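Please open the model in your viewer and keep the selection tool at hand.

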Number of protein chains: 2
Amino acid sequence: MPIDLAPDLAPVELLVCATCRAGQPTEIEGPRPGAQLGAALAELDWPAHVTVREVECLSNCDSGCSIAVRGGSERWTYVYGNFTGADDAALVHEGITKYAATADGIVPWRERPVHFRKNCIARVPPLTLPE
Amino acid sequence: MPIDLAPDLAPVELLVCATCRAGQPTEIEGPRPGAQLGAALAELDWPAHVTVREVECLSNCDSGCSIAVRGGSERWTYVYGNFTGADDAALVHEGITKYAATADGIVPWRERPVHFRKNCIARVPPLTLPE
């Protein structure tokens, strides 16, 4: 059980599209890149308030593999794409750990992994809309 | 005040990116296409459980104008893009009204406006994750 260093922060859900083929032809057998990314992420150590879940299609198939991240009523939700599979697990871990350390989900631009800067598919405002 | 035909359905928020320039050069003055779309949508009659709000950038700038729609813990959130401005208000109204009539946010594919079928940027699962 990891030590909870952020007791005041809302729980974070990292949602990994496990159905993504990342552009692979449909006749290729074996685990899909999205499922491989999800499995690799599940193996990593995360802050105690972060949960990793595999989900079905995030409808970002032109720019897969994809993740979505959210957490509580005060944080922006982000969708990131163009991951290639398990090889990107460390990169995702870095970006999401930084997200999870914020109250509003907004990581300063320069602190975001370059892939996150270049492959943000969309974001959705917090449930409690900013003024 | 519209009659509430759907008392059992959770409230729906239609979020319109009001900062979107829809690819216009930054030196063009006057209201932005996103703000014009938001204003046109605000003029329409909506089901009583639908609220239209203008929000800041949805980070879908390569495919703007953009909207996001969500509502309650049981519905999927969707982001749609590639609207051109106020001219698309009726189209957005049709698609969102259908969304608002569902409990889970999933409108059968053939019932979605063609633009919605072709310009779904991403979707995010309900807060209460499907099994």
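How many aromatic pairs does a search of the whole structure find over all chains? The search finds eight, where rings of Phe, Tyr and Trp (its six-membered ring) pair if their centres lie within 6.5 Å, planes under 30 degrees apart being stacked, over 60 edge-to-face and the rest tilted. This is a predicted model, in which local features need pLDDT of at least 70 and side-chain atom pairs count only at pLDDT 80 or more, while totals for chains, interfaces and linings use all residues. Residues are numbered from 1 along each chain as its sequence is written, chains are lettered from A in the order in which they are written, and side-chain values use heavy atoms, without hydrogens and water.

Select B:Tyr78 and B:Tyr99. Their ring centres are 6.2 Å apart and their planes stand at 85°, so the pair is edge-to-face. B:Tyr78 belongs to strand E4 (residues 77-80) of chain B and B:Tyr99 to helix H2 (residues 89-100) of chain B; helices (H or I, at least four residues) and strands (E, at least two) are DSSP runs, numbered from the N terminus. Both B:Tyr78 and B:Tyr99 are buried, that is, under 20% relative accessible area with a 1.4 Å probe, protein chains only.

Next, select B:Phe83 and B:Phe116. With centres 6.1 Å apart and planes at 65°, this pair is edge-to-face. B:Phe83 is buried at 1% relative accessibility, and B:Phe116 is buried at 3%.

Finally, in chain A, select A:Tyr78, A:Tyr80, A:Phe83, A:Tyr99 and A:Phe116, which form one aromatic cluster.

Note on methods. Buried means under 20% relative accessible area, exposed over 50%, partly exposed in between (1.4 Å probe, protein chains only).
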